[in-house]
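Subject: Structure for you to look at

Hello,

Here is the structure I promised. Please open it and keep it beside this email as you read.

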Amino acid sequence: MTQETALTILKTGANVFLTGSPGSGKTYTIKEYIDWLRLHDIEPAITASTGVAATHIHGQTIHAWSGIGITQHFTPYELDRIAGKEHVAKRIQKTKVLIIDEISMLSGTVLDAVDRVCRQIRGNDMSFGGMQVVLVGDFFQLPPISRGTERVPFAFQSQAWNDLNVLTCYLTEQHRQEDDTFLSLLSSIRSGSFAEDESELLRERFKEPEEGEVPRLYTHNADVDKLNAEQLALLPGKASVFSMESSGSAALVEGLKRGCLSPEKLVLKEGAVVMCTKNNAAQGYANGTLGKVVGFDQDEGYPKIETYDGRIITMAPAEWVVEEEGRIRAKIEQIPLRLAWAITIHKSQGQSLDAAAMDLSRAFEYGQGYVALSRVRSLEGLHLLGWSAQALAIHPFVSKKDAEFQNSSEAAEEAFGELEDSGEIIPMQENFIKAAGGTVTVDESELEPLAEGQEGGKRVRKPKPPKQNTYQETLAQIKEGKTVSEIASARSLTFGTICDHVEKLAASGQISEKELQSLVPTTFKKSIPEIKEAFDDAGYERLAPVYATLGERYTYDELKLARAVIKGLAK
C-alpha cells in the first residue's frame, strides 16, 4: 500500500494499524496525518510505547498519557485510582484521535489497561471509549520487554486489539535502503527465507571500519558507555560542555530527557565522532547523520561537524517538546548530537545510518539483529564484527501473523479503492471531521502563506496567539507582592513557568521596578550582580554559557529569573 492510500483511509476516522518494513515511511505518513488533523482543528493525542520513540513525534509515552505509569497489575482498584486523576480524565475525555507509535514494544496487557481506562473515564463501552485509535509499528522489530522468564503478550494478542477491528495499512514502498541487493537480503530475513547465498553476502561484510569512522551498535548499554568514554578521553584538547535547558511540567520534562538521544550534559572535543539526533532538512542533517567535530563556532561556541559526505554544519541547539491540545506542555533544548563511537541497537530504532559496525554475537532478543541491519542504507555501509544464529532470528508467531496483516491490507486497499471510485470517500472524511468537532472548510486567511518557490506545497495553519489570561493571572499576583515561588505554589505551576511569565511581562513593561525587586527572594538578591556580570560577558540570548561560567551554582530557572530582573531594571 502507498502512503497516499494509507492517508486516505486514516482520514475516514477508521481505527488503523499502520505498518511496514523499516524505511517504508510510517513516521512520515503519521506526521502527514497529524498535519491534516490540525489543519481541520482536530488535535490528536500523540503517544509512543517508549520515550525515545515519543521524542521523534513530539509526544509522550502512552504510559504517561493514560496515567498508568509503571503499573504492572491492573486491578479494578488500580484502574479506579487512575481514572480518578483529574488531569488524566480531562485529557482522555477531550481526545478524539489517539496515536500510539512503536506498538511492537507495547505489551497486550498494557494496551488492554489503556483501553479500560479510556472506557471508564469516557463513560462509553465502545473500544477506547469511542475515539479513533491509530497503532503504528512493525512487529518484526523489538518486542515488548519481558520480565523474568515469562514472555509478555504482543499487542495484537490483546482483547483491546481485537475489539478495535483495525484496518491494516501495510506500506510497501522503501525510502531508506537504496541498495536493491541489501533490500532483498533484509526482505529474506523478514520472510524467513534467508538462504546460503545471502549468508555469503553478510560474511563479505565481516570487516573492521576505519578507526573511529562509523558508530558501533551493541546490544548492551555498558559496552556503549565504555567505548564512548574511552575514545573521548584519548582525544587531545579542551572539552566543551553543553548543558540541556528545560521548561514546563517537571514530569513531562523528565520523560523528554529519558527519551532524548542527546544527553543532559554533552561533552565534546575536536575529533569526536558524533551522530545527529534530530531531523532538520533546512540545515541538511537528519536523525542518524554521522559526522566528526572539526571545531567550534567563534561567536556562539556551537560545535561544527563534518558529515560522512564531506559537508560542514554548525550545530545550533534544537528543541524537543511535548505537545498536548495544541500547546507545548514541556520543552528541552540541547545541541542535537551524541557521541557515536557506539550506540545501543535499542536506541538506534527509528534512525537511518550512513554506516554502522555491529557486533551481533550477543543478541538476546528476537528482532535485534534485523533492527540493527535495517538501520543502514546500504551493504557498503555495513561492517559486521560478530554474529550468532540467534541474531537474525524472527519470532515465528510474528512471521505467521505478518501474512495475515498483508492479506488484511490488500483487502482494505481494494475496498477503499471501490469507495473512492464511487465518490463515497470525501463524505466519509467530512463526517469524521464533524464528529471529531473539527472544521470541514478551512479559511484560506488562517493558513500560512507559502514561501517563494514553494508553489503547490503544503500549507499549514498559522499558529494561534498565546492565551494571555494566564499571564494576567500571574501579573495580578505580582501586583500583590508575591515572590515567584509563592505564585508558582498558588497557581500549581512550576517555578520555571512563572519565570517565563515574568520575562514576558517585564519585556512588555507591565512590571514596575519595585515589583521586580519584590519577586526575588532576599537571599538571592545578593547574587544578582555576579549573574549580571556573567550575562554581560556571555550575552543574554542563551543560558547555557552563563550556567557554565558560574560553575553550575545556579539553576536555569534562577538564571532565567535573574535575567528577567536585570533586563527589566535596565528599561
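Below is what was found in it.

This is a predicted model, in which local features need pLDDT of at least 70, side-chain atom pairs count only at pLDDT 80 or more, and totals for chains, interfaces and linings use all residues. Residues are numbered from 1 along each chain as its sequence is written, and side-chain values use heavy atoms, with hydrogens and water left out.

**Overall**

The protein has 24 helices and 20 strands. Both are DSSP runs, numbered from the N terminus: helices are H or I with at least four residues, strands are E with at least two. Of its 571 residues, 51% are buried. Buried means under 20% relative accessible area, exposed means over 50%, and partly exposed lies in between (1.4 Å probe, protein chains only). Now take contacts (heavy atoms within 4.5 Å). Among those between residues at least 6 apart in sequence, 70% join residues at least 24 apart.

**Cores**

A nonpolar core is a set of buried Ala, Val, Leu, Ile, Met, Phe, Trp, Tyr and Cys residues joined through side-chain atoms within 4.5 Å. The largest one holds 88 residues. Phe 128, Phe 139, Trp 161 and Met 358 touch the most other members. Helix 7 (residues 108-122) gives the most to this core: six residues. Another core lies apart from it, with 33 residues, including Ile 478 and Tyr 554. Back to Met 358: leaving out residues up to four places away in sequence, it touches Leu 217, Ala 372 and Leu 385, among others.

**Two helices**

Find helix 22 (residues 528-538) and helix 24 (residues 556-569). Their axes come within 10 Å and cross at roughly 85°. Helix 22 is therefore roughly perpendicular to helix 24, a label for angles of 65 to 115 degrees. The axes are lines fitted to C-alpha atoms over the stretch in contact, and angles run from 0 to 180 degrees between N-to-C directions. Ile 528, Ile 531, Lys 532 and Phe 535 in helix 22 meet Leu 559, Ala 562, Arg 563 and Ile 566 in helix 24. These residues divide into six nonpolar, no polar and two charged.

Phe 495 lies in helix 19 (residues 495-507). Is Phe 495 buried or partly exposed? Phe 495 is partly exposed, because its relative accessible area is 25%. Beyond neighbours within four places in sequence, its contacts include Val 484, Asp 557 and Leu 561. The C-alpha atoms of Phe 495 and Ser 247 are separated by 9.2 Å, with the two residues 248 apart along the chain.

Best wishes

Note on methods. Parallel < 35°, antiparallel > 145°, perpendicular 65-115°, else oblique. Nonpolar A, V, L, I, M, F, W, Y, C, P; charged D, E, K, R; others polar.
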